[in-house]
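Here are some friendly notes to read alongside the model. Please keep the picture open while you go through the points.

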Amino acid sequence: MNSSSLSELLALPLPLRSQAMARSLWAGTDRTRRRGSGGEFRELREYRSGDPLKQLDWRASARTDRWLVREMDRVAHLRIVIIIDGTESMSYGQGQGTGKLDWATTLAGALLVHGIRQGHAVSVWTSPDDLDKPRSGHATEHIMLDRLAVLKPTRAALRPPLELLVSNADVVCAIGDWLDEDACDLLTEYGLLTVRGVDVRALQLLHRDELDFAMRGPHELVPLEGPDVTPFRLDPRAVADEYHQAFQQHLDACRYTAGNMGVGWRTQSTDEMPYAALTFLATGVSI
């Protein structure tokens, strides 16, 4: 996929581009594996008081002269919560075919469609007013796609209650640019979910301008977030080195915090192929 075809994809209505992206996934979203009856064979182990007699493996028990039971994996569908950072900085690049918010809604929509059609329960959280429990079914798909289609940038970042996530999610996919000063604090909070069995995947979407700081000549800049929104003049050549150093330190800090807290992490530029980012969100594997 080149920049032209990427722009064409983003120009499609959200349901169409979500379905097109969802079809690119080779495998289903990972399922949880819990010990229980049914499912796939895990191992043989010695009988313990309270084990159902129907789990006894009579042939293995006769061969070894010990009571052995068959331990099975019970395959269960996932509850997936997709959280989108809809703050003002995500609006950068809108109308250029590389807008971060367009990317975020496209990836969230594709993951939503894929998850629902795999039988999982999914919810998309974009504001404190829409913290719905994950649900399955085509009605949920349409409701959530409608929510994504009208998503507009806001000044307040979404910090969902962790207890609500623990009780309602097996997988949390957090999509944003992670450029806030408190990004590492939020990653640390998400890390508290991982120790309670929730799989957290954080995708960082960045525009090529943010990565390269390739502006030439004086520019008038308007801060996208924060209390001071007064435009100011800047000569990029005078601050390029300082910008790259500070920016890289922030990215390194986020990556280190995520790794240290057991949170899956991937940084993606919005001018790159989107399928690797979608695969990461769907499976937790970064390719």
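This is a predicted model: local features need pLDDT of at least 70, side-chain atom pairs count only at pLDDT 80 or more; totals for chains, interfaces and linings use all residues.

1. Residues are numbered from 1 along each chain as its sequence is written, and side-chain values use heavy atoms, with hydrogens and water left out.

2. Let's begin with the sheet. It is open and built from five strands in the order E4-E3-E5-E6-E9, with parallel pairing. Strands are DSSP runs of E with at least two residues, helices are runs of H or I with at least four, and both are numbered from the N terminus. Two strands pair if DSSP finds at least two bridges between them. E4 and E9 (264–269) stand at the edges with a single partner strand each, so one side of each has no neighbour in the sheet. From one strand to the next, the twist averages 15 degrees.

3. Now look at E3 (residues 79–84). Five of its six residues are buried, meaning under 20% relative accessible area with a 1.4 Å probe and protein chains only. E3 pairs with E4 (residues 121–125) in the parallel sense over five bridges, and Ile82 has Val124 of E4 as its bridge partner. E3 also pairs with E5 (residues 171–176), again parallel and over five bridges; there, Val81 stands opposite Val172 in E5.

4. Moving along, E5 pairs with E6 (residues 199–206) in the parallel sense over six bridges. Here the bridge partner of Ile175 is Leu203 in E6.

5. Which strands does H5 lie across? Helix H5 (residues 138–149) lies across E3 and E4, at about 15 degrees to E4. H10 lies across E5, E6 and E9, running at about 160 degrees to E6. Angles run from 0 to 180 degrees between N-to-C directions, and axes are lines fitted to C-alpha atoms, for helices over the stretch in contact.

6. Finally, H4 (residues 100–117) packs against H10 (residues 275–283) at an angle of about 50 degrees, with their axes 10 Å apart. The contact (heavy atoms within 4.5 Å) is made by Trp103, Leu107, Ala110 and Leu111 of H4 and Ala277, Leu278, Leu281 and Ala282 of H10. These contact residues divide into eight nonpolar, no polar and no charged. Ala, Val, Leu, Ile, Met, Phe, Trp, Tyr, Cys and Pro count as nonpolar, Asp, Glu, Lys and Arg as charged, and the others, Gly among them, as polar.

Notes:
Buried means under 20% relative accessible area, exposed over 50%, partly exposed in between (1.4 Å probe, protein chains only).
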